[in-house]
Amino acid sequence: MTTTNAGAASPDIAVPDEVQNNVVITNLAKLLDPIYNWSRRNSLWPLGFGLACCAIEMICTASSRFDLSRFGMEVFRASPRQADLMIVSGTVTKKMVPIIVRLYNQIAEPRYVVSMGACASGGGPFKEGYNVVDGVDKFIPVDVYIPGCPPTPQALINGLIALQEKIDQQSIATVPWYRKNDPTAEMIPVPRLGPDLYDMRQVDIIKKEAVKSEAVTEAS
Amino acid sequence: MSDMILEAPHAGAMPDSAEDPIAAATAVLKQRFPDHIQDETRDGYEGIVVHPDKVVQVSQALRDELGFNYLSSITGVDLIEENKLELVYHTYSINQGGPALVMKVQVDRDNPVLPSLVPVWPGAEYQEREAYDLFGFQFEGHPDLRRILTWDGFHGHPMRKDWKEPFFEEDNKPFGSRWPGGEVSRAEEKNPFGKNVQYPAGWVPTLEEPEAETDSYAGITYTREQSTGLKTDKVTINMGPQHPSTHGVFRMALTLDGETIVGLKPVMGYLHRNHEKIGERNTFIQNIPYTDRLDYISSMSNNHGYVLAVEKLMGVDVPERAEWIRILMVELTRIVNHLWAVGFLLNDLGALQTPMLYFYIERELILDLFESTSGSRMMCNYMRFGGLAYDLPEDVRGTPIMKFLHDLIYDRLPRALEQGDVLMTGNEIVRARGIGVGYLSAEDAIAYSTAGPVLRASGVQYDVRRAQPYSYYEHLDFDVAVRYNGDIYDRYLIRLDEMQQSLRILQQVLPHLQETEGSSIISGKPQYAIRMPRAGESYGRVENPKGELGYYVTAKRRDANPARYHVRSPSFINLTALEKMSLGHKVADVVAILGSIDIVLGEVDR
């Protein structure tokens, strides 16, 4: 928000010299975005949601030494309905991912997801495990990835600042949740647990592969 | 303090040979069951092999007559070459201490049926469910044989050696190049679904698979009882896995009569990270960082248990300085863990974050030490076979190391503990919510295989550091803390006691650190590609802050990877007693009882 030389930006409007520094001349859309973004970036309420080791560092970040409240983010909410931000703090397992997707769907928009640590971002050291999802972004969209195993509180704060910068770039006119029929703003189908985890969006591929694998077993 | 408060149940039948109670007990058992007990013949293995038909009788004799009344761990092993599945039971004598009497049962791999030990030791319940889930053992007479770490409908038994995961590359690490001929090849690119999933041949989703929540209520049945007086409805409610006071992704299905709990089924596996399956692919040394992530609050002592087990197998010694630094780190870890446990117990009782905020200050100091020593605040990956990865640093955030330790151990920690004691112990809410709630008797504590503070708060003075001393604990002067009421309040108090004892140990360790300064911290050259010099099995156990942490490791000669790698996790087994403690209380009490057990989900689910 520029406050210097407001008159120069719009020469049609005469601004007296003595109030130059206190006047901003803009249009409504340009005015709303900064206010909207400023208020959201400084009051992100995270979902009180810990998965694994990273959750311990997340709790430390919220505590006395690192003090997340400097960023307006200390209000950990136990209910997704009251939260804006989901910090996926730890290994996402196949048994847990249906619940994570449901929680994500329950968060009112605008909502953001931070993938904290190696496991949430890509499976981490447990990627090869049979019960581990190799990255939460296979199911829900992620805004910021934070590397580390676990990321230190400083790294988490750095990631949250990156999220704030991302919020600064947004505009009411283009954010998905105010647009009609935007596919990114829809509910995400909750994955289910069959013989293995399956994504409802992949049912067609699974059926196709099933035909192939049957052919292989018959041939052999 | 050294008196045992429990009498042996039938002490009269104990054989008198005091020199080797294991050999004496084995001899008695062999005499009693000559046709059903054989010696373990494999080289490097110990214990007795019992015929499946007589497991229950042998266990009863062990428990009631021979004094081996504590079933510590049940480990499934897949002996694929012999087409057998084996179950390894480690039993201990609470009253006498000492090493384990190892009992093994072998069953046919295609038809693994054997009787359940739940009637003898109720603490076997979840461990048997785990063996069923991961190996496919069929326990006859088990009250509730369902999958525990995976979910109902999961395809196959993943810990069997011939079960391959979706991202399977090779049987053992280190894997071959992922850049053969300069082309990058990734496991997920070969998977048609682009995910870590696989389906049985020809499987098509019916879209009617139960959602993750519904399967857990299957084990809960209740009937409306005919009683006089006020009629109340029985309601089943779900708590977790996303719940602020379940200490992670733990879940309980509770059945309430009015407000009173009449049934409780824990549901776990939401953090099942396949520690053991990955551990059997890893080389020995690759497992050390994974052990950090078991009980992620106390990674140093997790390292300790694992290196002890492998050192036993390798037969290496540890230099003196390394042992003292190990004890320093492990006892500081105990304090970190108990500060956390007490803080969160108070959190569960309604003191939202306040005690924690005070304790964080000291906890962060200790984490600073860990960080400047090992490079990481939480996942220290610090111990190595035969020593340590690094020596102590010269300074911690600008303070010379010995001054830092001295200040910490003689000044900061005692003050923090005293302050916490003054503020919390006499607190009216803590007393009202804690005293008499979540009672576990000494007999039940042993029968349910609980360990650590839960066991000792019930009046059983059993501590691995004294019962089967490892490292230099036998040279150190400390008491095994014990409390007798077995309720939440005593489980809170015992953690304060244990921190005081840890401080005592630390004060004794400091002069030794000074003396040994500059001497070696690892025996021989640091080894990365370890080949096991002999075949055999090894069980290393340590007194972790949460209880007895045991690692069962077997290896073949000249192998670089463990053949079987099992973790006896105290959090998981302590949870077996949760229902017993919670019956008759209210939902709010369950939260506090769970907090007083002090679980960490990384270790419960592994």
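Trainee: Is B:R321 buried or exposed?

Mentor: B:R321 is buried, with a relative accessible area of 4%, where buried means under 20% relative accessible area, exposed means over 50% and partly exposed lies in between, using a 1.4 Å probe and protein chains only. Please keep in mind that this is a predicted model, in which local features need pLDDT of at least 70 and side-chain atom pairs count only at pLDDT 80 or more, while totals for chains, interfaces and linings use all residues. Residues are numbered from 1 along each chain as its sequence is written, chains are lettered from A and ligands numbered from 1 in the order in which they are written, and side-chain values use heavy atoms, with hydrogens and water left out.

Trainee: Okay, and which residue forms a salt bridge with B:R321?

Mentor: The partner is B:D391, with the closest N and O atoms 3.0 Å apart; a salt bridge here is a side-chain nitrogen of Lys or Arg within 4 Å of a carboxyl oxygen of Asp or Glu. B:R321 lies in helix α8 (residues 320–348) of chain B and B:D391 in the loop between β12 (387–388) and β13 (395–396) of chain B, so the pair ties together parts that are 70 residues apart in sequence. Helices (H or I, at least four residues) and strands (E, at least two) are DSSP runs, numbered from the N terminus.

Trainee: And how does B:D391 count, at 27% relative accessibility?

Mentor: B:D391 counts as partly exposed, because its relative accessibility is 27%.

Trainee: What other pair links distant parts of the chain?

Mentor: One of them is B:K265 with B:D144, whose closest N and O atoms are 3.5 Å apart. B:K265 sits in strand β10 (residues 260–267) of chain B, whereas B:D144 sits in the loop between β7 (138–140) and α4 (187–190) of chain B, 121 residues apart. Both B:K265 and B:D144 are buried.

Trainee: What about B:E81, what does its side chain meet?

Mentor: The side chain of B:E81 meets that of B:K556 in a salt bridge, at 3.6 Å from N to O. The two are 475 residues apart, with B:E81 in the loop between β3 and β4 of chain B and B:K556 in the loop between β16 (547–555) and β17 (564–568) of chain B. B:E81 counts as exposed at 63% relative accessibility, and B:K556 counts as partly exposed at 41%.

Trainee: Switching topic, how is chain B divided?

Mentor: Chain B has domain 1 (3–140) and domain 2 (275–605), with bounds that come from an automatic or database domain assignment. The C-alpha centres of these two domains of chain B lie 27 Å apart.

Trainee: Now the two chains, how much do they bury between them?

Mentor: Chain A and chain B bury about 5,900 Å² between them, 61% of it on carbon and sulfur atoms. In chain A, the residues that lose the most area to chain B are A:K95, A:E128 and A:Y130, together 15% of what that side buries. As for contacts, 59 residues of chain A are in contact with 69 residues of chain B.

Trainee: And how many salt bridges are there between chain A and chain B?

Mentor: The count is five salt bridges between chain A and chain B. A:R65 forms a salt bridge with B:E364, the closest N and O atoms being 2.6 Å apart.

Terms used
Contact means heavy atoms within 4.5 Å. Buried area is the accessible area (1.4 Å probe) that two parts lose on being put together, summed over both.
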